[in-house]
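This report describes selected backbone, sheet, core and interface features of the structure shown below. It is written to be read alongside the sequence and the coordinates.

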Amino acid sequence: MEQREIICTTCPMGCHVTVTMEDGKILDVKGNTCPRGDAYARQEVTDPRRVITTTIGLTDGNVLPVKSDNAVSKNRIPEFMQKIHHVAVKPPVQIGDVLIPDIDGEGNNIVATQNATA
Amino acid sequence: MTKVDLVVIGGGPAGMGAAVAAYDAGVRDILVLERDVRLGGILEQCIHNGFGLHRFNEQLTGPEYAWRFEKELHARNIAYRLNTMVLDITEDKVVTAMNSEEGVFQIQAGAVILAMGCRERPRGALNTPGARPAGIYTAGTAQRYINIMGYMPGKKVVILGSGDIGLIMARRMTWEGAEVKMVLELMPYSGGLTRNIVQCLQDNNIPLLLSHTIVDIHGKDRVTGVTIAEVDENRRPKMETAQEVECDTILLSVGLLPENELTKKANVPLDRLTNGAYVDQRRMTEIPGIFACGNVLHVHDLVDYVNEEADIAGQGAAQYLKDGAEDTAKITVKPGNGVRYTLPQRISAVEKTTVFFRVTDVHKAVKVNVKNDEGTVLLSRRRPRVAPGEMETVVLTEKILAENVGKTISVELEEV
């Protein structure tokens with residue numbers, strides 16, 4: 001049996017949730033004060049995900065802020081950062097434009113979060 | 001001299017929000033003055049997400065949040081000037097500004113909304129001893145270098161202060177390949193949001209050392225390291241715990257100060273508790289027709305709350321332009337036991353008012369009591385947890401205010 005402590009970040013309460021696991025299976029979730037804490041802790045111990053926010057290079061030498069349009073695998077963030085670093089985008093760019101389609105093989109895209117004029 | 005009904009100083013979320021709210025309340029002749037090359041203010045460099053959860057019910061990045069308001073501005077054809085620095089405001093609401101196209105120009109405003117935001121507390125305000133090499137930045141400066149200019153300010157980083165910008169920069173620099181060695185916090189608790197401690201520090205295995213500070217900075221041309229030490233309960237360093245840490249960069253995230261130079265020029269009285277203007281429930285300062293909102297008034301935790309306040313100020317300015325200002329309630333609002341400040345500091349009309357306040361310490365399970373100067377408890381609300389880093393509110397109804405015209409109301413904490 002393994003116990004993992006997760007701090008829920010769904011709201012400012014910051015509940016300390018303890019998840020008891022065995023062979024990758026969740027046996028028990030304790031310490032949360034609402035159902036959202038339970039769901040968060042289960043996701044966090046099995047498949048932690050984060051939205052990446054960073055900048056991408058433009059061909060004019062400037063940088064442009066971007067994000068992943070959904071949360072992507074937390075453990076693969078360094079790999080995604082590498083891919084983003086190796087791309088230079090030609091302006092104009094509109095906020096919401098897909099700049100790198102399907103970065104993770106699961107259908108999640110890197111999209112622009114700001115406009116850039118040509 | 002050009003005449004404009006409403007001049008808004010600052011084109012960040014507060015300024016844009018206030019301009020839109022004033023327009024929607026009937027003001028048509030509006031001018032927003034912004035010193036940067038684009039609208040959006042500091043949100044433009046806050047490329048991380050988490051903005052807008054309250055306002056839009058979704059997690060936006062800073063530039064996306066700003067764009068929502070910029071679109072509203074465009075949709076209403078509200079005039080704005082970029083690259084324009086405001087130099088002076090008088091009590092009579094004459095605004096002096098300059099830019100490279102028009103030179104120096106003056107505008108007679110009917111009303112002014114101050115929305116200049118805040119500034120980071122710099123090294124000079126900390127009295128940290130040691131050398132003065134290159135490599136010491138405020139967290140926001142480093143954020144601007146990386147996110148807007150595309151430069152990395154360093155490789156091995158020590159961050160002093162666990163405010164949200166410091167935490168965000170710890171993750172940002174790690175993702176960009178730097179080694180963030182530690183975040184030091186003088187207080188026994190972090191000033192940042194729990195979400196940021198988890199997602200910025202724990203995710204990247206960056207230690208957070210509470211009750212620690214920098215006692216010396218080393219390096220001649222460039223920072224080569226710092227000496228850190230634990231502090232006692234009076235925040236004095238325990239020198240026997242001192243140890244050296246090698247680094248080439250120090251980021252400071254040690255607090256924000258409202259940027260009130262223009263406010264002072266207009267002789268607007270400031271509250272030393274908030275470092276912003278004294279305002280009434282419509283966010284009008286002591287000078288009739290001059291309003292303030294956003295971080296220039298008091299530092300907010302969330303931009304969503306800034307815009308709530310900008311709405312109030314925009315509507316207040318519209319009402320002033322229509323009806324003028326008359327104080328019919330004469331109620332003073334003051335912080336009591338356990339409360340650092342309240343905002344607004346006075347109430348000038350009997351109308352439902354949300355009082356924002358900050359507590360002095362972390363408490364679990366407290367009662368928030370609102371009393372008048374006769375000691376009568378007007379309102380009592382329980383809170384499961386309060387902390388200095390999280391703004392609290394109480395709502396004063398028209399009924400409560402009508403019964404307390406001319407009195408002083410205080411907001412205080414009671415342990416339960």
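In this predicted model, strand S22 (residues 331-335) of chain B runs antiparallel to S24(B), and two bridges join them. Within this pairing, Ile331(B) stands opposite Ile347(B) of S24(B). Both strands belong to an open sheet of five strands with the order S24-S22-S29-S26-S27 in chain B, and the pairing in this sheet is mixed. S24 and strand S27 (377-386) of chain B are the edge strands, each pairing on one side only.

**A second sheet in chain B**

Another open sheet of chain B has three strands in the order S14-S15-S16, with antiparallel pairing. Strand S14 (212-218) and S16 of chain B each have a single partner strand; they therefore stand at the edges, and one side of each is left without a neighbour in the sheet. On average, neighbouring strands of this sheet are turned by 35° against each other, direction ignored. S14(B) and S15(B) are joined in the antiparallel sense over six bridges. In this pair, Ile217(B) has Val226(B) of S15(B) opposite to it. As a general point, the strands of a sheet pair through backbone hydrogen bonds, either parallel or antiparallel.

**Strand S25 and its partners**

Strand S25 (residues 353-359) of chain B is mostly covered, with six of its seven residues buried. S25(B) pairs with S23(B) in the antiparallel sense over four bridges, and Tyr341(B) stands opposite Arg358(B) in S25(B). S25(B) also pairs with strand S28 (residues 392-396) of chain B, again in the antiparallel sense, over five bridges. There, Thr354(B) has Val395(B) in S28(B) as its bridge partner.

**Nonpolar cores**

The largest nonpolar core has 87 residues, and those with the most contacts inside it are Ala18(B), Ala19(B), Val112(B), Ile113(B), Leu114(B) and Phe291(B). Domain 1 (1-120 + 256-325) and domain 3 (326-416) of chain B both give residues to this core, so the core lies between them. The surroundings of Leu114(B) can be listed in detail: leaving out residues up to four places away in sequence, Leu114(B) touches Ile9(B), Leu262(B), Thr263(B), Ile290(B), Phe291(B), Ala292(B) and Val296(B).

The domain assignment divides chain A into domain 1 (2-46) and domain 2 (53-112). The C-alpha centres of these two domains of chain A lie 30 Å apart.

The contact between the chains takes 20 residues from chain A and 18 residues from chain B. On the side of chain A that touches chain B, the elements that give two or more residues are strand S5 (53-58), strand S6 (63-68) and helix H2 (77-85) of chain A. The residues on this side of chain A divide into nine nonpolar, eight polar and three charged.

**Backbone features in loops**

Most residues other than glycine have a negative phi, and most peptide bonds are trans. Against that background, the following backbone values deserve attention.

| Site | Feature | Value |
|---|---|---|
| Pro91(A) to Pro92(A) | cis peptide bond | omega near 5° |
| Leu343(B) to Pro344(B) | cis peptide bond | omega about 0° |
| Lys93(B) | positive phi, not glycine | phi near 70° |
| Arg235(B) | positive phi, not glycine | phi about 65° |

Pro92(A) is in the loop between strand S8 (88-89) and strand S9 (98-100) of chain A. Pro344(B) lies in the loop between strand S23 (339-343) and strand S24 (346-347) of chain B.

Lys93(B) is found in the loop between strand S6 (85-89) and strand S7 (94-99) of chain B. Arg235(B) is in the loop between strand S15 (225-230) and strand S16 (243-246) of chain B, which are strands of the sheet with the order S14-S15-S16.

Why is Lys93(B) counted as partly exposed? Lys93(B) has 19 C-beta neighbours inside 10 Å, whereas a buried residue needs 20 or more and an exposed one has 12 or fewer. Arg235(B), with 11 other C-beta atoms within 10 Å, is exposed.

Methods:
Residues numbered from 1 in each chain as written. Chains lettered and ligands numbered in written order. Predicted model: local features only at pLDDT ≥ 70, side-chain atom pairs only at ≥ 80, totals over all residues. Pairing = 2+ DSSP bridges. Contact = placed C-beta atoms within 7 Å. Nonpolar A, V, L, I, M, F, W, Y, C, P; charged D, E, K, R; others polar. Core = buried A, V, L, I, M, F, W, Y, C linked by C-beta atoms within 7 Å. Domains from an automatic or database assignment. Axes fitted to C-alpha atoms, helices over the stretch in contact; angles between N-to-C directions.
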